[in-house]
Structure formats: C-alpha cells, structure tokens
Protein chains: 2
Amino acid sequence: MTATGIDRYPTRGRAETVIPRADPVVWAETAAAGPLDAAEITAFERDGFLAFDDLLTAGEVGHYRSELHRLTSHRPGADERWITEPGSQDVKSVFEVHKISEVFARLAADPRLVGRARQILGTDVYIHQSRINVKRGFGASGFYWHSDFETWHAEDGLPAMRTVSFSIALTDNDATNGSLMLVPGSHQTFVGCAGATPNDNYRTSLQMQEAGTPSEGALTRLCDSRAIHLCTGRAGSAILFDCNTMHGSGDNITPSPRSNVFIVYNSIDNTLTEPFAAPARRPTFLAAHDFTPLPYP
Amino acid sequence: MTATGIDRYPTRGRAETVIPRADPVVWAETAAAGPLDAAEITAFERDGFLAFDDLLTAGEVGHYRSELHRLTSHRPGADERWITEPGSQDVKSVFEVHKISEVFARLAADPRLVGRARQILGTDVYIHQSRINVKRGFGASGFYWHSDFETWHAEDGLPAMRTVSFSIALTDNDATNGSLMLVPGSHQTFVGCAGATPNDNYRTSLQMQEAGTPSEGALTRLCDSRAIHLCTGRAGSAILFDCNTMHGSGDNITPSPRSNVFIVYNSIDNTLTEPFAAPARRPTFLAAHDFTPLPYP
C-alpha cells in the first residue's frame, strides 16, 4: 500500500495470494482504428498474447542483428545495463538499448510496434523498458516463470496492468533452443508472490530470479486449463504480450543462439508511482521515469 | 588400448579426436525377418534413431507408470542405484529396474523390444543397462550432449558400436518439458573426448556429466548438416536409438513431469572387456556383466 491508496495487487507478503485481474486487457474502445483487426484483438484479450510471423523483413533482421552483435561483443567497464550469465562474462542482456543505440531507438519508435501498443492500451504510450537478450547456446540458462507486472508493480511502482511487451526474434526461435513459453489465459489472474523483496534485488534477479516467482501449486493451476504455448518463429517474427502473462524459458544446450529484442510500452495514464513492495526504486534503465509519449504515426 | 588390441575408438586423451564410425549401424544381413520393415531399417541406418508412436497401449502405460511411481517415491537407504537431483533428495533415475522390479523385467523381455533390437544387431541380445528417468518439472535439470557409446566404451569396456537403446515415454513428452533431443546422422561420427576420466566418475556423472562431453566446435559441426530432432510423443511412444547417436535434453520448468523407461540391448558378440579409458570398472548396475541372452520369441 502506498500514498496512492489501496494496493489492488498486493504481493511479496507472507503468503501467496491468487486473485482475478482488476484491469481490462484491451483498453481501446474500438478496434476500428487498426492496425490490429478484430480477430487479433479478441485473441489477445483471450490468450494474453499475439504472434506475428514476419514483423521485420530479412533485411531489417540483418541490420538489427549486427547492432545486437556490436552491443553484446564486449561489456563496457562498470555499466550496470550490461548483464552477464551467472558465473561468466558472456553478455546475457543489455538494457535501455533505445537510449544506447540509435538503431534500436528507431525500432522502438517504429509505427508497426507503437501503433499496436497504442491500440491495445487505448492512449499514447512511452517506453517503459527496452533490452536485448542473448541466449548463446551450449548450456545458457533460461528464466523461471514470472509475471513481468508482478515485478514492475512490486519493485517499480507500475500501478495498473496497462503495459505490453514486444519480443522480436533476431535469430530463429525453434523448439529446441530455449524459446519463450507463455501460459495462455494466465494474464487474467494475479499471483501475489510470497516473500519480501531483498535490498538491491535487481542485481541478482536479472541473472536468475528468485523473489517474485509463483509457487508450484499456483503454476500447476494456471497451466491446468490451457497448454503452455511455445513461441517458435523465424528471425523477424514477434510476440506481443500482456504485462501479466506468465512466462518463462528453459535453458539452451543447442549450438544455435537465441537472440531477441524486447521493448515494453506503457500507457501514459499508467506512469510509475513509488514501488508497491520494495525498499527503494530500481534504476531508470529498468523502469523509465521519462514518460514522454512516442509520436504516432 | 587394452589386452584386446588396437582401440578403434580412442577417447579421454589430451585432445578431442573426431573420426568416422568403424562399425555397421545395422548388423542384420536381411530385414526379411521383421518386425522392422525395410523403410524403418533404412531410416534407422541414416538417422541413428527411429520413433514409434504407440509402442505401448494406454493400459500398459498406466501399469508401468504405477510401478515407476512406486520405485521413485522413496530412495531406499544406501542403494547406489537410486540417483537424486543435484542438491536434492528428489529421485532422478533408478538403475537396473529389470532386476529390481518384476514389472520392468517383463517389459525388458517384451518381444516388441527384443525383436527390434535383435533385428538391428543381428544376433541374440542381452540387457546391458536399464533405468527409469524422472524429470519432475519446475526446474529439473537436463542432460548435456553425449554419446552413450563414448561413456560405455571408455568406462565400461564396450568394444564396438553394436548396442541400441529404447527410451519409452511413460508421460507425454512434449515440446516444452525437456524432451530428448537427438542429432540425426551423428551416429556416423565418433567424437573422442578430451580429458582423463576421474576416479569414481559415475558418482557425479549420473547427476551431471562433465567428462565425456564433446566440444562446442564438434557439436556445431555435427548439427550443421541436420537439424536437431526433438523427440515428442504421447505416453506409450518410444525412440529406438543407436548407442553413438549424440543426444541431450534441456531442463524442465513446466509443471508436467517427463518420465521414461530406458532399456539398452547389446549384442552377445559385443560383450564387455575392461574399460578402454578409465581407472576401474563401474558397478554392474550401470554395465551388466551377466551376458545371458534374452529368449526370443
């Protein structure tokens, strides 16, 4: 609970709490404006995600992949935005790529992304977070199940579920190299996780998350009615998903790296307050406090 | 090199060596006898494995799964044949189930398995190893890439590549719960692995293998020409694979456990000698020295 009043999504308490979502999934009053059609809007609302086979052209993929390689080929000194694999110097993620890189800034502002995000969220949008992820293969670890909203609400003060993420494949994402898994329909349930947030939790949680993960019982119930969806697709494909859709990924022992760019759009009517369940704000490279709307079209 | 002469498959030396297979894949002179037809024999020879959609009936699956649950629900005292997850008391594997359990003894002697193994290997066969594997979900670890033959040759004295394994699914094996991955065609290449075998290596290698794993370069070359095959299938499906087919599996973060029974048949013309590259024999629950042929039909 904060100065803003009742916390509709309590988490990080003594016990796990499982409650229904209190926010709409699709905020637009009409789908008429596009670019998503009515069937896509319905699917997003039902499943909590939507897949696009060819969001980027092959030429664009090459362009963005080169930039990804440039950014991940070395970690500059003490910059916290570069995250390495546990026990290694291999770069796993680079955050705030829309500020670090003009190339990714252009992608983040691309009307194909911004238009879809605006349509779901029903307002102007701004970039809440951006990052590139590299899962290099030969045993790179995955990421355990979590709801991004749970973390962003607890640790960053994101008030409502009015935030969507694009994960865009820059290498082929196939059935064997640790692709993203989503639990269809899970966005309709909020799992408030047990256990207090440690100080400076983000320093370890970006390598391997512990606080903010659901119990085995809660996960089993979420997966009971709908089969887990494995997000496979060629480079250039993309997934748009709701901030509360439960997701995770396995490890990658294949020789094929899996690289993605991840851009999070938030409604300008849902800007950050103070963390709902953490001792202090996280750095702005994880949770932007620049709420300037993106121009559209 | 041992008393039996030249070692055709040197391994665990100072450097990795990659050489062509020196043995046939299919040893039978004619496929006329069945139960595998000519197309299946050809596919096995080319790929190093063969999948069967419904080897067991649903009733049989229930019967064997009950027995699996009985055997894995507790670990009896100091019995080395029960292997637990790293850092846990959860049972990951139970070895020598054809001796521990009358139920699995009957499965191992089943003509549907024995007949196919005899046909590939061209002689009477005996059980080299048997085990049940449980990958319980919620983060159970996988198994890194390896050739069973490399281990069995180095550590158990298996002379030739004249051995096949059945992996039979007792739960659904799907795209998300850490199913077996095979590299098609890899059985035609022997990767002699770098690094000496530690004393009592099996005590740790059954939890997580380190000695006897191929380099990233060798794996990349094996996977270059053929896409990795993910072995999905309903409970009751099975994979028959050559002892030198490179295989591994990722972790399983889903709530769906993956349980399999694994039975290895060796030709009675290929019985064990002394280890080719290890300080001492491993226990017989890993590598049988009872070479009694299985009756057939």
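Q: Why does Arg12(A) count as buried in this predicted model?
A: The relative accessibility of Arg12(A) is 7%. The term buried applies under 20% relative accessible area, and Arg12(A) therefore counts as buried. The structure is a predicted model, and the value is computed from its atoms.

Q: What are the phi and the burial of Arg12(B)?
A: In Arg12(B), phi is positive and near 65°, although the residue is not glycine. With a relative accessible area of 7%, under the 20% limit, Arg12(B) is buried. The segment before strand S1 (17-20) of chain B holds Arg12(B).

Q: What makes the bond from Tyr296(A) to Pro297(A) a cis peptide bond, and what is found in chain B?
A: In chain A, omega is near -5° and the bond is cis. In chain B, Tyr296(B) and Pro297(B) are likewise joined by a cis peptide bond, with omega about 0°. These bonds deserve mention because most peptide bonds are trans. Pro297(A) belongs to the segment after strand S13 (258-267) of chain A, and Pro297(B) to the segment after strand S13 (258-267) of chain B.

Q: Why is helix H6 of chain A described as largely enclosed by the rest of the structure?
A: Helix H6 (residues 148-156) of chain A has 9 residues, and 9 of the 9 are buried, so it is largely enclosed by the rest of the structure. Among the buried residues of H6(A) are Asp148(A), Glu150(A), Trp152(A), His153(A) and Asp156(A).

Q: How do we know what caps the N-terminal end of H6(A)?
A: A side-chain oxygen of Ser147(A) lies 3.2 Å from the backbone nitrogen of Phe149(A). A polar contact requires N or O atoms within 3.5 Å, and Ser147(A) is the residue that caps this end of H6(A). Just after H6(A), Gly157(A) has a positive phi of about 80°.

Q: Why is the pair Arg136(A) and Glu216(B) called a salt bridge?
A: The closest N and O atoms of Arg136(A) and Glu216(B) are 3.2 Å apart. The limit for a salt bridge is 4 Å, so the pair qualifies. Across the interface of chain A and chain B, 2 salt bridges are found, and 5 residue pairs are in polar contact.

Q: Which elements supply the side of chain A that touches chain B?
A: At least two residues each come from strand S6 (143-146), helix H8 (216-225) and strand S12 (247-249) of chain A. H8(A) gives the largest share, 4 residues. By class, this side of chain A has 12 nonpolar, 7 polar and 3 charged residues.

Q: How is the size of the interface between chain A and chain B expressed?
A: The size of an interface is often given as the accessible area lost when the parts come together. For chain A and chain B, the buried area is about 1,700 Å², with 70% given by carbon and sulfur atoms. In terms of contacts, 22 residues of chain A meet 22 residues of chain B.

Q: Why do S6(A) and S12(A) count as paired, and where do they stand in their sheet?
A: Pairing requires at least two bridges. Phe143(A) stands opposite Ser249(A) of S12(A). The open sheet has 4 strands in the order S6-S12-S8-S10 (chain A), with antiparallel pairing. S6 and strand S10 (229-230) of chain A are the edge strands, each pairing on one side only.

Q: How do you know that strand S5 of chain A is mostly covered, and which strands pair with it?
A: Of the 11 residues of strand S5 (residues 125-135) of chain A, 10 are buried. S5(A) pairs antiparallel with strand S4 (residues 91-95) of chain A over 3 bridges, and Val94(A) stands opposite Ile132(A). S5(A) also pairs antiparallel with S13(A), over 10 bridges, where Val125(A) has Ser267(A) as its bridge partner.

Q: What makes strand S4 of chain B largely enclosed, and which strands pair with it?
A: In strand S4 (residues 91-95) of chain B, 5 of the 5 residues are buried, so the strand is largely enclosed by the rest of the structure. Strand S3 (residues 82-84) of chain B runs antiparallel to S4(B) and is joined to it by 3 bridges, with Trp82(B) opposite Val94(B). S4(B) also pairs antiparallel with strand S5 (residues 125-135) of chain B over 3 bridges, and there Val94(B) has Ile132(B) as its bridge partner. The hairpin of S3(B) and S4(B) has 6 residues between the strands, and in it Gly87(B) takes a positive phi near 70°.

Key. Residues are numbered from 1 along each chain as its sequence is written. Chains are lettered from A and ligands numbered from 1 in the order in which they are written. Side-chain values use heavy atoms; hydrogens and water are left out. Buried means under 20% relative accessible area, exposed over 50%, partly exposed in between (1.4 Å probe, protein chains only). A polar contact is a pair of N or O atoms within 3.5 Å; within protein, one must be able to donate a hydrogen and the other to accept it, and residues adjacent in sequence count only if both atoms are side-chain atoms. Contact means heavy atoms within 4.5 Å. Buried area is the accessible area (1.4 Å probe) that two parts lose on being put together, summed over both. A salt bridge is a side-chain nitrogen of Lys or Arg within 4 Å of a carboxyl oxygen of Asp or Glu. Ala, Val, Leu, Ile, Met, Phe, Trp, Tyr, Cys and Pro count as nonpolar, Asp, Glu, Lys and Arg as charged, and the others, Gly among them, as polar.
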